[in-house]
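This report looks at aromatic rings, at their surroundings and at charges placed over them. Please keep the structure at hand while reading.

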Amino acid sequence: MSQTTIVKDVTEAEFAVQVLEASRTRPVVVDFWAPWCGPCHQLSPLLEQAAARYAGEVDVVKVDVDQAPNLARSLRIQGIPAVKAFRNGAVAAEFTGVQPPAVIEQMFSGLAPSQADRLAERATAATGEEREALYRAALEEQADQPRAVVGLARILSDRGEVEEARALLARVPADPEARRLTAELDLRSQGSDQSTIEALRRRVDEGDGAARLDLGRALAAAGEYDEALPLLVSAVRDPALREEARTATVDVFQLLGEQDDRVRAWRPRLAAALF
């Protein structure tokens, strides 16, 4: 592949998709330049060489600041060449002016996947024992590699080794996927067989207030979230059940994800029930 195809031009209108969104998949290094800028022409070949070395792991694009004045202003570009590296939609590293190759290499090596990242990536495409072995190898390299933690925890939970899975997930408490799997395990632990659900329905119909919480949990464990959420939020209003019901409701929110319409609808209702 030629260098000219490795580094592409991105317009102001394309920036949100080609840089911010794309950086959620892999890092994007942006070279802010202008045709009249002499130092920019000195830096560009160095960035092109780095782009070739890290092809497939770090993307490199160019933005002409003369054609993107609003973008340059919003990113506070005060001198060019300016280089900003984006990861997960935010600036992860940056420098201004022509830099020696060692500085550029340091930026790219810091952005590129680690050996643990590469092993975890390979594991997602593998199956069976190979997948588990790759996840374990990744965790040998980095004990809190998020994808490996969640991947191995799911393997363990699926074969009934739930406590081992929970211990793994505790390594990455802030990771969204880890939180989602933890919530799933919490809900699963409530039990969800049909006979239990029917027995709880009868208790609720007979006016047993405490059974609302148990039925809500059982329905959530069975994946019946539309029916579970009204019961759980209703149980929150009972002072004796409030904390357990709140925790169960939040578990459902974690499992569904913040973008789910049901979470958006029921989160304010949970807040109202609490206060």
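## A buried ring and its partner

In this predicted model, phenylalanine 108 is buried, with a relative accessible area of 0%, where buried means under 20% relative accessible area, exposed over 50% and partly exposed in between (1.4 Å probe, protein chains only). Tyrosine 54 is buried as well, at a relative accessible area of 11%.

## Aromatic pairs

Three aromatic pairs are present in the structure; rings of Phe, Tyr and Trp (its six-membered ring) pair if their centres lie within 6.5 Å, and planes under 30 degrees apart count as stacked, over 60 as edge-to-face and the rest as tilted. With 6.4 Å between the ring centres and 40° between the planes, phenylalanine 15 and phenylalanine 32 form a tilted pair. Both phenylalanine 15 and phenylalanine 32 are buried. Tyrosine 54 and phenylalanine 108 are likewise paired in a tilted arrangement, 5.7 Å centre to centre and 35° between the planes.

One aromatic cluster is formed by Phe15, Phe32 and Phe86.

## Charges over rings

The charged end of lysine 62 sits over the ring of tryptophan 33, 4.3 Å from its centre, a charge being counted as over a ring if NZ of Lys or CZ of Arg is within 6 Å of the ring centre and within 35 degrees of the ring normal. Arginine 269 lies over the face of tryptophan 266, also with 4.3 Å to the ring centre.

## Basis of the values

Residues are numbered from 1 along each chain as its sequence is written, and side-chain values use heavy atoms, with hydrogens and water left out. Because the model is predicted, local features need pLDDT of at least 70 and side-chain atom pairs count only at pLDDT 80 or more, while totals for chains, interfaces and linings use all residues.
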